[in-house]
Number of protein chains: 2
Amino acid sequence: MTKWVYSFGGGRADGGAEDKNLLGGKGANLAEMSGLGMPVPPGFTLTTEVCTAYYDNGENYPNDLADQVTAAMGDMEKAAGAKFGDQENPLLVSVRSGARASMPGMMDTVLNLGLNDNTVQALARSSGNERFAWDSYRRFIQMYSDVVLGIDHYKFEGLLEDLKEEKDLRLDTDLSSDDLRELVDHFKAEVESAIGVAFPQDVTAQLWGAIGAVFGSWQNARAVTYRRLHDIPASWGTAVNIQAMVFGNMGEDSATGVAFTRDPSTGDKHFFGEYLINAQGEDVVAGIRTPQHLTKAARTEAGDDKPSLEEVMPAIFIELEAIYQRLEAHYRDMQDIEFTVQRGTLYMLQTRSGKRTAEAAIKIAVEMTNEGLLSREEAILRVAPDSLDQLLHPTLDPKAERQVIGHGLPASPGAATGKVAFSADQAESLAAQGESILLVRIETSPEDIHGMHAARGILTSRGGMTSHAAVVARGMGRPCVSGAGQLRIDYKSQTMQVGDIAIAAGDVITIDGSSGEVMLGEVATIQPKLSGGFATLMGWADEIRQLGIRTNAETPAEAKAAIEFGAEGIGLCRTEHMFFDTNRILAVREMILAEDLAGRQAALAKILPMQRQDFVDLFTIMTGLPVTIRLLDPPLHEFLPKSDDELAQLASVTGAAAEDLRFRANQLHEYNPMLGHRGCRLGISYPEIYEMQARAIFEAAAIVSVGQGKTVVPEVMIPLIASKAEFVFLQERIAAVAGQVSAEHGGKLEYLIGTMIELPRAALRAGEIAEEADFFSFGTNDLTQTVFGISRDDSAGFLEDYHDKGILEGDPFATLDRDGVGELVALAVERGRGSRSDLKLGICGEHGGDPASIAFCQSVGLDYVSCSPFRVPIARLAAAQAAISSRDKS
Amino acid sequence: MTKWVYSFGGGRADGGAEDKNLLGGKGANLAEMSGLGMPVPPGFTLTTEVCTAYYDNGENYPNDLADQVTAAMGDMEKAAGAKFGDQENPLLVSVRSGARASMPGMMDTVLNLGLNDNTVQALARSSGNERFAWDSYRRFIQMYSDVVLGIDHYKFEGLLEDLKEEKDLRLDTDLSSDDLRELVDHFKAEVESAIGVAFPQDVTAQLWGAIGAVFGSWQNARAVTYRRLHDIPASWGTAVNIQAMVFGNMGEDSATGVAFTRDPSTGDKHFFGEYLINAQGEDVVAGIRTPQHLTKAARTEAGDDKPSLEEVMPAIFIELEAIYQRLEAHYRDMQDIEFTVQRGTLYMLQTRSGKRTAEAAIKIAVEMTNEGLLSREEAILRVAPDSLDQLLHPTLDPKAERQVIGHGLPASPGAATGKVAFSADQAESLAAQGESILLVRIETSPEDIHGMHAARGILTSRGGMTSHAAVVARGMGRPCVSGAGQLRIDYKSQTMQVGDIAIAAGDVITIDGSSGEVMLGEVATIQPKLSGGFATLMGWADEIRQLGIRTNAETPAEAKAAIEFGAEGIGLCRTEHMFFDTNRILAVREMILAEDLAGRQAALAKILPMQRQDFVDLFTIMTGLPVTIRLLDPPLHEFLPKSDDELAQLASVTGAAAEDLRFRANQLHEYNPMLGHRGCRLGISYPEIYEMQARAIFEAAAIVSVGQGKTVVPEVMIPLIASKAEFVFLQERIAAVAGQVSAEHGGKLEYLIGTMIELPRAALRAGEIAEEADFFSFGTNDLTQTVFGISRDDSAGFLEDYHDKGILEGDPFATLDRDGVGELVALAVERGRGSRSDLKLGICGEHGGDPASIAFCQSVGLDYVSCSPFRVPIARLAAAQAAISSRDKS
């Protein structure tokens with residue numbers, strides 16, 4: 001016979017915490033506490049298998065369920081010392097859902113079940129509080145009618161309002177017990193008129209009605225959508241928990257409270273919580289009465305004159321203290337607990353792992369490890385890598401009020417407040433006067449860089465996560481919101497309009513680059529701080545992880561920041577960013593607009609020494625660490641002047657007619673630049689560009705090797721390869737330059753030549769490409785764009801529709817799509833290693849800093865991930881977690 | 001012992017036509033003719049295995065080769081009745097390469113080998129022509145020195161010019177035998193000064209020198225590039241043919257000629273060719289002397305008074321006639337033959353399958369089948385499907401002179417000549433006056449359609465193979481060259497500039513939409529004609545092919561044309577083209593720029609009846625045939641007005657402020673529209689658009705079903721699917737509309753709902769998508785764009801660099817890339833059919849009309865291909881060929 005029902009309470013339980021799949025999270029923890037001998041109100045759990053059987057069997061219960069429920073009910077009555085439906089000492093119960101995974105608010109609950117016209121009287125007598133009894137009854141009728149009978153709760157709320165109006169009362173609490181009794185009559189009449197029969201007085205019928213409703217709610221629309229979005233299989237089912245009610249509002253010897261076993265904000269090791277005398281659980285949360293401190297120490301420190309639980313109910317407090325310490329030691333984690341004192345008796349209603357700030361998470365994990373509670377691996381698994389962002393960037397004070405007026409893409413994390421400036425020059429000059437400035441542009445271009453430097457943050461109305469603004473801001477560590485399309489920015493009038501709100505230059509706004517929100521006025525921010533625990537935890541992570549962590553960096557500042565954050569090399573140095581510098585953009589443009597090879601070579605000769613110096617600087621900073629340099633990638637038109645003034649300037653420098661330059665620039669126009677003349681295609685059309693870059697790299701390597709007496713081994717990376725033939729064509733030319741430089745410097749140069757794998761075709765042909773390439777770096781940004789056929793810069797708008805309609809969870813540009821992109825990556829790894837077993841494999845797309853994607857990288861066997869400097873700590877922690885998880889699986 | 005040398009001549013041969021891999025094409029055919037007892041000058045072939053062994057063995061010959069060559073040489077001398085190097089009756093030989101696959105002009109040849117200071121005298125005596133002997137000797141020295149000794153031929157040409165100047169002569173033929181003797185002295189001196197030793201007088205040394213040079217030329221740069229471009233493995237090697245020289249210039253009883261066994265232009269069954277008395281082969285081709293007709297009938301018909309071979313050498317003619325008839329019957333194909341008559345004796349120098357026009361190819365194939373020479377399958381394999389284009393569009397007269405001034409993409413085939421008009425209105429009004437007009441635009445838009453209709457052809461300076469101009473032109477069957485980027489078109493001055501050439505409105509130009517060329521002035525064109533043989537061959541193809549052939553068509557005219565060409569349904573009806581109609585574009589724009597759902601629905605209500613009528617018309621024309629309708633695909637901004645005037649017009653109609661419309665239009669701007677808010681993404685953001693289209697389709701199906709008493713089964717196709725969730729979301733909505741229409745019309749509707757597979761992710765997830773989709777249609781245009789990461793509209797320029805540098809052969813947008821795109825298609829077929837064994841599979845990209853791609857479609861087991869109307873016959877023939885080839889393989 002299948003066991004469908006598991007009892008708990010009275011110091012014993014049929015199940016425990018390990019039975020989460022069968023009993024659900026809530027049921028398992030109640031059983032666990034009960035099994036530990038803690039004072040849990042007795043009850044029982046209908047298992048998730050009942051739910052599955054119910055749906056498999058045309059919504060019918062298993063035959064033997066009713067008998068098992070009756071038996072469990074008897075046990076509960078015995079343990080509670082009360083009888084369900086009894087006219088003297090009635091037992092009231094709660095009926096709650098409890099699935100394997102938390103699905104907050106998705107399913108139904110019924111409280112105070114077991115009340116009817118008779119038991120309400122008994123409750124009035126036994127509680128000595130008639131108003132309490134009738135208030136409980138009217139609440140039960142409304143809740144039961146809503147959940148079980150399908151009668152809209154607003155009907156009952158209407159009746160309540162009518163009554164208050166009739167009696168000329170303002171608050172619910174103004175209603176007397178007679179008023180409530182009258183309200184119960186109105187409620188019962190409403191039920192009868194709505195469903196044609198009277199409100200059920202048979203408590204067993206009430207119970208089965210509630211059980212059926214909870215199982216039914218597993219398939220309600222909200223729950224179905226929630227499961228689809230969170231990948232929870234319908235086959236898991238929910239459990240149902242039936243538990244004796246206890247009341248903290250039975251007088252001055254009753255109370256209710258919530259507590260954390262350590263401080264959830266700071267992680268400090270002290271008991272932390274609040275309680276109220278003569279109150280129900282929701283009163284503590286609702287904020288109508290101010291809750292009191294649990295400990296005397298906390299009360300004293302806060303200068304609060306209301307007594308603590310420690311002072312009011314010292315015996316209860318000692319009991320609670322013992323329990324919380326046992327629970328924390330038992331679960332080996334900081335617990336969030338709920339308790340009720342009913343007439344001098346303590347009851348534990350819930351325990352679960354408590355939510356905490358990143359700071360607290362680190363402190364708790366490290367201290368528990370030092371206390372011997374956790375292993376280092378467990379400590380590492382306890383901190384969510386993404387939460388570290390809170391420690392690395394200013395964040396909005398969660399308590400601060402905010403008036404959100406628009407939103408764009410969360411292009412670079414952190415929050416910033418400042419006065420609006422609509423031009424880079426304006427931003428720079430105001431910042432020089434000590435003002436905090438936000439630079440607001442339709443989109444940014446290389447000419448705006450000085451203004452971006454000067455500003456606290458950047459806001460654009462156009463452009464995606466890889467727009468100029470976004471990429472530059474991330475590199476600088478400046479908060480940025482990009483592509484906030486609702487903003488109508490008008491440079492002429494120096495205003496921007498959002499709906500009815502007009503914002504002028506100098507007005508203060510706030511942006512949150514972590515959420516993409518744009519807010520009016522100043523919103524308080526919290527500055528980050530790194531505790532000592534941080535370094536400890538990172539050290540443990542480094543010992544455990546297998547993936548190398550590199551960074552995407554171009555400037556010396558970025559490289560230095562990344563090294564401080566623990567980067568072990570550069571995985572992606574995008575050389576095009578070096579071209580945007582004011583000193584060289586003119587030469588770059590000359591090169592692009594040159595009529596012929598000679599013209600291009602002349603311009604490239606001007607760029608070579610500057611580019612060489614870039615690499616000398618980088619190699620010097622990264623001494624001893626690998627540096628992967630991607631050759632020029634973006635389409636040339638990205639470097640071209642946009643305004644007439646710039647064009648005229650270029651014409652005067654080059655001596656060409658502005659008209660001719662404009663024609664040439666128009667010729668370079670592309671419909672889909674993402675799929676255009678870029679990457680290795682530039683190198684194939686104009687080998688002299690890549691040859692100049694290769695020369696700059698190799699000469700720099702030679703210079704620094706001599707200067708430092710250490711061999712610098714640059715990794716030259718060719719972007720956007722789709723075929724082996726492309727790779728070989730360029731590899732030969734780059735190797736030839738290395739040979740020349742080697743001859744000129746009289747020493748042997750060591751270097752690698754590899755490629756990005758960022759097109760589906762490259763992944764498919766990885767086997768033959770690896771015959772020639774020394775390494776692969778997966779460019780999962782472009783791979784995601786091409787596998788999905790979605791432009792990152794254009795997708796923000798319609799992906800929102802996808803989220804709204806439940807078609808897509810998350811953002812494939814943030815977390816790597818395992819089903820599509822992932823299959824191609826795995827295939828490329830397999831084919832690449834098949835050709836060359838020592839092929840070096842890394843990832844340098846934005847996914848390199850995303851924990852879920854890092855777990856994927858570990859699972860397919862990459863050697864390293866590379867991410868922006870500020871995400872390096874996140875990647876270190878995530879890589880350690882991935883290593884632990886993969887070890888657990890194998 | 002390996003046989004390295006194969007002899008032929010004297011009525012026998014060691015090998016034959018079936019030994020092409022071993023003997024090369026030329027050697028195998030010489031052996032075959034020889035084996036048939038035909039008069040072939042004797043010789044022998046060094047096999048391709050010698051070449052392979054030579055390179056495998058560090059460029060050394062096999063040990064026993066020399067002995068075998070000596071033996072073969074002896075046989076040849078015997079058969080020729082002359083001795084190599086003999087002072088009385090010297091044998092001269094040619095040394096020629098001959099690979100398995102034809103590699104015209106890539107490798108080296110030496111003629112007249114065996115001449116030296118002694119044998120030249122003997123030749124003078126035996127030929128009785130001293131000048132001939134010395135002319136042969138000086139040509140041999142020059143050729144041998146160039147090919148074998150590596151001395152540039154221009155040096156010898158310089159010496160020749162010097163001598164003529166010295167002697168004050170104008171033509172080479174003015175040189176006397178003494179002059180030539182003097183020239184030989186100069187040549188020999190030049191050789192000695194260049195290489196330090198005298199020109200080799202030892203004929204055996206000459207022979208081995210030439211053999212080495214020919215094998216060496218297998219690895220010259222030209223040959224290596226050619227092989228890479230044509231996928232010829234280096235391991236195939238080349239054979240070397242050594243053959244006795246014969247001379248058609250030994251007097252009035254000598255002659256040389258070329259002939260085709262049937263007319264290569266018309267396919268008519270009569271012997272067709274030219275000859276010259278006392279001449280060498282190159283004289284016939286060079287055009288210095290006018291060649292004479294072979295047959296009396298041809299001479300008479302041409303009104304030529306120079307006698308035919310039939311009249312001059314009747315016995316030779318009868319012998320030749322017997323041989324050509326035997327060769328044609330033997331090879332069962334029209335032959336291109338070369339012959340020489342040396343002093344009254346006929347020698348056959350070559351036979352091979354003759355090149356022919358498409359018209360001739362069809363006529364010959366059909367007639368040979370009727371003659372019992374070929375099976376129907378063989379007849380089908382004899383006609384190149386692409387050549388049919390010549391029969392369906394006007395082509396440039398190959399003899400006409402042309403001044404090419406620019407080139408763009410071959411966007412729609414056929415040639416057209418006309419006066420330039422720079423606007424659609426101009427084009428229309430001039431065409432109405434009877435002028436032939438070419439419409440020249442920077443790019444076209446829906447507003448230009450009337451002008452495109454009126455024009456003979458369309459030329460644009462911007463836009464790719466899928467630009468508006470290209471797509472519309474192909475549908476209309478108008479020639480089009482798109483994206484000719486060198487043109488600087490200036491509407492204001494009504495001129496276009498190409499380099500130094502200025503072209504004004506009204507000037508005449510010619511375009512070739514098959515090659516992409518733009519030419520100055522009028523170039524004669526040839527109008528196509530379809531012979532009876534065409535229908536016969538197509539009928540045979542239809543019996544044999546397994547692939548269905550559908551068409552891509554939107555308008556009734558296209559649908560009708562396609563049916564006439566034999567289409568069996570519509571595989572792709574792009575509904576967006578219907579939106580461009582002048583009558584409805586305003587409503588479409590209203591819909592796009594609407595602020596909310598209500599506004600969109602109001603505009604869609606205006607479009608519905610027009611859209612419904614589109615489908616009523618199509619279903620009526622296509623009665624009984626399947627029609628696949630793709631729901632709206634392009635990004636909405638493609639429909640928006642571009643000029644201020646149009647914007648103002650729209651503002652006045654909608655009552656919205658022009659400024660607001662401009663803002664909304666700007667909001668719709670996309671960086672990469674190809675990867676943007678298009679395809680099913682529109683349907684997900686605005687389900688009402690697809691619902692309107694579904695309603696129009698189902699209502700039209702209901703109307704036509706009732707009207708015709710036949711069930712119309714529309715196939716509704718959702719574009720740009722990347723995941724099953726997208727498909728299901730839209731499928732449910734479309735099915736709901738079908739249910740409503742069904743209820744309204746009171747009858748059951750039959751329909752299919754399927755999807756394009758045009759993104760890598762869709763191919764990867766095909767298994768789960770097929771759980772819901774009734775059919776897949778591979779959109780290989782977009783799949784190629786995303787697999788390669790190349791925008792078709794932007795790639796023309798850089799793909800040219802790829803071709804120039806030997807990195808890519810062909811165009812992946814023209815012929816499906818089997819290695820990349822093909823792997824994904826095959827995988828999607830396998831996964832799709834794995835989920836649903838009766839899944840209907842087709843292809844509707846441009847590849848659907850490309851023979852090589854059609855062969856691929858057959859190999860992966862698709863059900864049908866779909867192509868533009870004018871390519872339907874090509875597809876029918878190609879599908880038949882693919883069916884035959886796949887049968888042969890299995």
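This is a predicted model: local features need pLDDT of at least 70, side-chain atom pairs count only at pLDDT 80 or more; totals for chains, interfaces and linings use all residues.
Residues are numbered from 1 along each chain as its sequence is written, and local features need pLDDT of at least 70, with side-chain atom pairs counted only at pLDDT 80 or more. Side-chain values use heavy atoms, leaving out hydrogens and water.

**Rings**

Let's start with the aromatic pairs, meaning rings of Phe, Tyr and Trp (its six-membered ring) with centres within 6.5 Å; planes under 30 degrees apart count as stacked, over 60 as edge-to-face and the rest as tilted. Over all chains there are 40 such pairs. A:Phe132 and A:Phe247 are edge-to-face, because their ring centres lie 5.0 Å apart with the planes at 80°. Elsewhere, ring pairs join A:Tyr54, A:Tyr55, A:Tyr61, A:Trp208 and A:Phe215 into a cluster.

Two arginines sit over rings (CZ of Arg, or NZ of Lys, within 6 Å of the ring centre and within 35 degrees of the ring normal):

| Arginine | Ring | Distance from ring centre |
|---|---|---|
| A:Arg100 | A:Trp236 | 3.9 Å |
| B:Arg488 | A:Phe663 | 4.1 Å |

**Where the chains meet**

Here, 55 residues of chain B are in contact (heavy atoms within 4.5 Å) with 55 residues of chain A. Between the two chains there are 6 salt bridges (a side-chain nitrogen of Lys or Arg within 4 Å of a carboxyl oxygen of Asp or Glu). B:Asp660 forms a salt bridge with A:Arg488, with the closest N and O atoms 3.3 Å apart.

Methods. Chains are lettered from A and ligands numbered from 1 in the order in which they are written.
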